[in-house]
Amino acid sequence: MNRLPAPFGSRIDRSRPVHFTFEGKPFEGYEGDSIASALAGSGQWVLSRSFKYHRPRGILSMTGADANALVQLPSEPNAAAERTPIVEGLRVSAQNVNGSLERDRDAIMDRFGRFLPVGFYYRTFMGPRRDSWLKFWEPIIRRKAGLGVIDTKAPHRHFDKTHLHCDVLVVGAGPAGLGAAIAAAEAGAGVVLCDENPEIGGALSYGRYDPGILSGLASRLEALPNLNVLTGTVCNGWYEDNWLPLIQGNRLYRTRAREVILATGAIEQPAVFHNNDLPGIMLGGAAQRLIRHYGVRPGQGAVVLAANDDGYRTALDLLDAGVSVIELADPRSGDEAGPLHAELRGKGVAIRKGATVEAAEGTPGNRHLASVRIGGSWIACDLLTVSIGNAPAWQLPCQAGGKVGYEAGTQMMTITLPKGSVHLAGAVAGTDELEDAIASGQRAATAALSRLGHAVAVEPLVTPKSVRPRYVQPIVADPKGRDFVDFDEDLQVKDLQNATKDGYREIELVKRFTTVGMGPSQGRHSALATARIVAEATGRSVGEIGITTARPPVGPETLGVLAGHHEVLERRTALHTRHIALKAEMKPVGSWWRPYFYGDASGAEEAVREEILAVREGVGLLDVSTLGKLEIRGPDAGEFLDRLYTMAHANQPVGRVRYCLMLNEMGSVVDDGVAYRLAQDQFYVTATTGAVARVYADMLFWNAEWRLKVDVLNLTGAFSGLNVTGPKARQVLETLDSDIDFSHDAFPYLSGRDGTVAGVPVRVMRIGFTGELSYELHCPSSLALSLWDAVMAAGRPHGLRPYGLEASRILRLEKGHILIGQDTDAITTPDELGFGWAVSKKKPFFVGKRSIEMRARLGQTRKLVGLQFPAGARNIPGESCLVLRGGAPVGQITSVGYSPSLGRHIALAYVHVDDRAEGSRVTVKCRNGELVEVPVVAHAFFDPSNARQEI
Amino acid sequence: MKLLTCPMNGPRNIDEFQSFGPVRAKLDPDGTADTDWSRHLFRAENRKGIVVEWWRHVPSNYFFLAERDLVSNEIIRTFDASELRDLA
């Protein structure tokens, strides 16, 4: 056991052991341990195999940001072992291994590295044949590539979403974030402070600092009720106008902040040398996190590579943890000796200035670090901590518009944000020292507060302690290679140098050619080194090279967090329960559920036939509630409809119903319906089910420009509609208690009446899609059931039958009535439909007028006509089958069906304009490829004189 | 997510809105040649700079105008359509 006593191990509870397995072997840790810390505590340092060469890999950063420590859980791939807590009985296995982690058959790849140069895939898998990639190479590579395995039978988890609004959002609860959040909250602002770690403090929680600083800040924090602290919460992106997703476990906070302070800190950078990826080589921060968070001793004999104070502090921490520090190598040659230097010397640690780690060697199979070479001599050790520099955590700032630069004087990567509501604080803004970080947080809070209109005292600008120039490690390719720049993708120095030699000089191209920065760490440990290598190789500065674009998400996120809820959106008419009771076969039509026919599915054909006959010979009832219903009110209502529709409505008498046809500006038919004039200043207009939402929007869009005195109301859901149709329709309605005279003379075809039927207020229109005597009764949806029941009861002696959509479709087809969207397409003109009668020649303007005139001049090429197949014809073309003329397509079938009234199949189709005359024969190509000849019918198939609807 | 300030409903998430495109020059239908009319229908200018666009707040079906910088995507101001005549 590598466990340390308290006070080390702030996250773990030693009284609660937790058992789990890794690669089938049992392990024990404590409550609060992460998978990686519990394994490290038991001496298991290898966590995974690398992506390309299958080299053993272990803890690098303890931040969960890289592929080294991704593991497989039973129902979750790519879990970050450094962040995922252990739970009793958890089964963990390694990823990207062929065989086992210990014996990986693909470890041989490490020997063949020189045969896998950068761009290998692009160069190799092109041939030999054009389809070789898809047929041969891709399946092989797919088996080899990828990390974890998805469990398609994983149990569903519940994810929820909530909204969060605040004055100031502070991302990162390190010293700078705490300083900012406390200052903003003490001034009275509503503050949210989030941090991905389970505790606040950032570096204060694991670094070598006086614990009193963090406890002091924490007690000020707790005294502020307007400061909401969200720990274990990842801020995974910045979107426009300060919209930020905060993810806490399975919950997504959609956060809108007025001001944002990004105190995202800095990312420690690894050193580049031969075998720099061996388990046992870790960043200084990783060693400190293991010690302070988890009470895990990171090794027995350590070498420390330190090019900054943090490295010296790490060495002191290692000593406190009982690790023997064999030597500290400081590559800086300067002979300045700070207090930390003296303290280490006092403890007898050998410090070698101007020296660095040149290479490392591993135990057999490279399973752990065995020794490092410094100044040409090999030193045996099992731990190397690396503290050679940081890069600011640029992801969120860059998403918020920040520009990355490079200061040649101090050798620092810098981030500059445009002036606005996003502010930087702390290490991400370049501060070095603890006090500077806290002060920088307070300054950011002051800037945010003044933008929010708080009266804030302008603090005297504290001069930060002099920022010392950063050490820059010279990156030279090792002759033996294995000097990794990108651990995720197994990229070495020479790979990047070769990419520049191949002509990929720009960073975005280098990234795409080599895949650098494309792995799970997204360049956190490789972007700066890559920029330096490319700068060196192309003779430019690091600032000129820059880094690749940072886009959301900042880190991986579970798809469940993004997914919406699973409820299917559906609409039911007010009469839905009645249809179900009548055993209707319901079908979805757009978002609506409508009866397809009534009765058993086995007798579908018979049921539809009977429903059609009922309408033709008796009386039928159709639920037309899904129709769009709009009310147009106001003194300009008539003028408004005149501009929108092709027919004349301003002169339409009150009590009359008129067909209305709508075009778009291109002159194409987009909708039709009827307009019933209820009063001089009031119309009731129907629209097709699918188009009403758009028609309603378009109406107000046009009027936003026209400024006519009208008001448009969408009554689609509020009103229901019943169509009573058939020769006996009048008899049925006349038996009902009503103040409406349904007689032919009092209520002629194409007129409308207001009144009550069976005590229900109704608007009745004499219109019909079926070609029979029809009354369409519209009433408030809340009363639709009573009206339906009354009509059904009154109709019973007359054999009234409710009919469904299929019967309705055939009934209208027998009359040659079109369905917008089915028999029209994006370029259909009224002329093509033979609707010249519906287009006013007198109106000076209506939408689409100019365009149909122009299109008429261009010449009409097709026309919608009826096609009547001979009785008993075997081969009937389906909808969308092509109409040919001289072998070339000129149109298509738009609707087809069997008419029981006529005893044969009928269809609507676009044919060549010269074939439009009655009796022309057109050729149609059936689904089976056969060509059939069909005669054209230029009038309604059934009741060509339209006498029946007007009785 | 971007915010758009509706003159009637105040600042709302932009996914509550639908864009209806830039305000186009009004042409006299009868005084315009066919080629110019086609161009008017099908050709979008999409020039760098500031445009005035129609927007719809979907839940309230309210149409209004917004001045937007096509380069920075900054919405400079929003206003009711009654002001359009003053602009023209």
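**Figure 1. How confident is the prediction in chain B?** This is a predicted model, and chain B averages a pLDDT of 91. In chain B, 95% of the residues score at least 70. For the model as a whole, the scores are ipTM 0.94 and pTM 0.85.

**Figure 2. A look at D34(B) in chain B.** You'll find D34(B) in helix α1, which covers residues 34-42 of chain B. Now follow the chain to G49(B), 15 residues apart from D34(B) in sequence. The C-alpha atoms of D34(B) and G49(B) are separated by 29 Å.

**Figure 3. Where chain A touches chain B.** Here, 16 residues of chain A are in contact with 13 residues of chain B. Two elements of chain A each give two or more residues to this side: α20 (692-706) and α25 (849-858). Which of them gives the largest share? That's α20(A), with 6 residues.

**Figure 4. Helix α22 of chain A and its buried face.** Helix α22(A) runs over residues 784-795, so 12 residues in total, and at 1.5 Å a residue they should span 16 Å. Which residues of α22(A) are buried? They are A784(A), L787(A), W788(A), V791(A), A794(A) and G795(A). Look down the axis of α22(A) and these buried residues fall within an arc of 135 degrees, so they line one face of the helix.

**Figure 5. Stepping back to chain A.** Chain A holds 25 helices and 48 strands. Its radius of gyration is 39 Å, well over the 30 Å that the globule rule gives for 951 residues, so chain A is more spread out than a compact globule. Along its principal axes, the C-alpha trace of chain A spans about 115 × 70 × 55 Å. Of the 951 residues in chain A, 48% count as buried. Take the contacts in chain A between residues at least 6 apart in sequence: 66% of them join residues at least 24 apart.

How values were computed
Residues are numbered from 1 along each chain as its sequence is written. Chains are lettered from A and ligands numbered from 1 in the order in which they are written. This is a predicted model: local features need pLDDT of at least 70, side-chain atom pairs count only at pLDDT 80 or more; totals for chains, interfaces and linings use all residues. Helices (H or I, at least four residues) and strands (E, at least two) are DSSP runs, numbered from the N terminus. The expected span of a helix is 1.5 Å times one less than its number of residues. A residue is buried if 20 or more other C-beta atoms lie within 10 Å of its own, exposed if 12 or fewer, and partly exposed in between; C-beta atoms are placed from the backbone. The arc is that of the directions from the helix axis to the C-beta atoms. Two residues are in contact if their C-beta atoms, placed from the backbone, lie within 7 Å. The radius of gyration is taken over C-alpha atoms; the globule rule is 2.2 Å times the number of residues to the power 0.38. pLDDT is the predictor's confidence in each residue, from 0 to 100.
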